[in-house]
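Hi,

Here is the structure I promised to pass on. Have a look, and my notes follow below.

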Amino acid sequence: VIMKIDLVGPERRGLAMGLNEFAGYIALAGAALATGWVAAQQGLRPEPFYLGVLFVIFGLGLSVLLVRETQSHVTLESRLHSGASEVPTSAAIFWRTTIGDRNLSSISQAGLVNNLNDGMAWGLFPLVFAAASMNLREIGWLAAIYPATWGVAQLFTGAWSDRVGRKWLIASGMWVQAIGIALVVVASHFAGFAAGATLLGIGT
């Protein structure tokens with residue numbers, strides 16, 4: 001396994017990112033469903049945490065056995081497209097993506113908002129669902145809808161961004177996320193929560 005995002009080149013980077021996000025978030029949705037089912041059957045502690053331990057062991061094993069460094073591919077692409085002989089330092093990248101380049105700065109801000117939304121979806125939404133009398137199995141389904149929608153949509157939006165650009169997709173996605181969050185806030189039943197989670201996933 002080699003990081004495909006570093007291998008495809010800039011023309012197909014959105015497609016590679018979409019495939020990467022699809023795989024990761026479909027797996028995350030499966031984990032949410034599995035832990036919700038285990039919690040409903042066995043209780044909140046400690047059984048659902050055993051799945052997390054298995055995921056860590058499995059992930060570390062795969063990383064050691066299959067993952068390969070792609071730094072040389074990044075260096076080659078950087079040299080071909082910018083004439084640079086080496087990859088920029090972490091400090092240079094940080095400066096450029098936070099202050100130096102307006103486009104990269106806005107993308108970084110959108111990423112920050114997206115991660116805040118992610119933390120809210122995982123940390124706060126289950127409490128909202130529980131307060132609305134959802135049972136553990138329903139909470140597991142609601143937790144899975146968001147990453148599953150996100151993952152499946154990435155199969156299309158990733159390749160789409162290669163054709164039409166990323167800016168307006170990111171900006172419109174932020175608005176769809178906001179609508180999804182608002183819907184979760186005002187909802188009180190499973191269907192409303194599910195619709196909000198779906199919109200949040202599509203926007204992301």
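Which residues lie nearest the centre of the second largest pocket? They are A31, A32, T35, G36 and W122, out of 19 lining residues. A pocket here is an open set of points on a 1 Å grid over the protein atoms alone, where a 1.4 Å probe fits, with protein on both sides within 12 Å along at least five of seven lines; lining residues have an atom within 4 Å of a point.

Before you read on: this is a predicted model, where local features need pLDDT of at least 70 and side-chain atom pairs pLDDT 80 or more, while totals for chains, interfaces and linings use all residues. Residues are numbered from 1 along each chain as its sequence is written, and side-chain values use heavy atoms, without hydrogens and water.

Back to that second pocket: helix α1 gives the most to its lining, with eight residues. (Helices are DSSP runs of H or I, at least four residues, numbered from the N terminus.) The lining divides into 14 nonpolar, four polar and one charged residue; Ala, Val, Leu, Ile, Met, Phe, Trp, Tyr, Cys and Pro count as nonpolar, Asp, Glu, Lys and Arg as charged, and the others, Gly among them, as polar.

The largest pocket is lined by 32 residues, with M17, Q154, R166, I170 and T204 nearest its centre. Its lining has 14 nonpolar, 15 polar and three charged residues.

Finally, α1 (residues 13-42) and α7 (residues 136-164) have axes, lines fitted to C-alpha atoms over the stretch in contact, that come within 7 Å and cross at roughly 175°. That makes the two helices roughly antiparallel (an angle over 145 degrees, on a scale from 0 to 180 between N-to-C directions).

Best wishes

Technical notes: Parallel < 35°, antiparallel > 145°, perpendicular 65-115°, else oblique.
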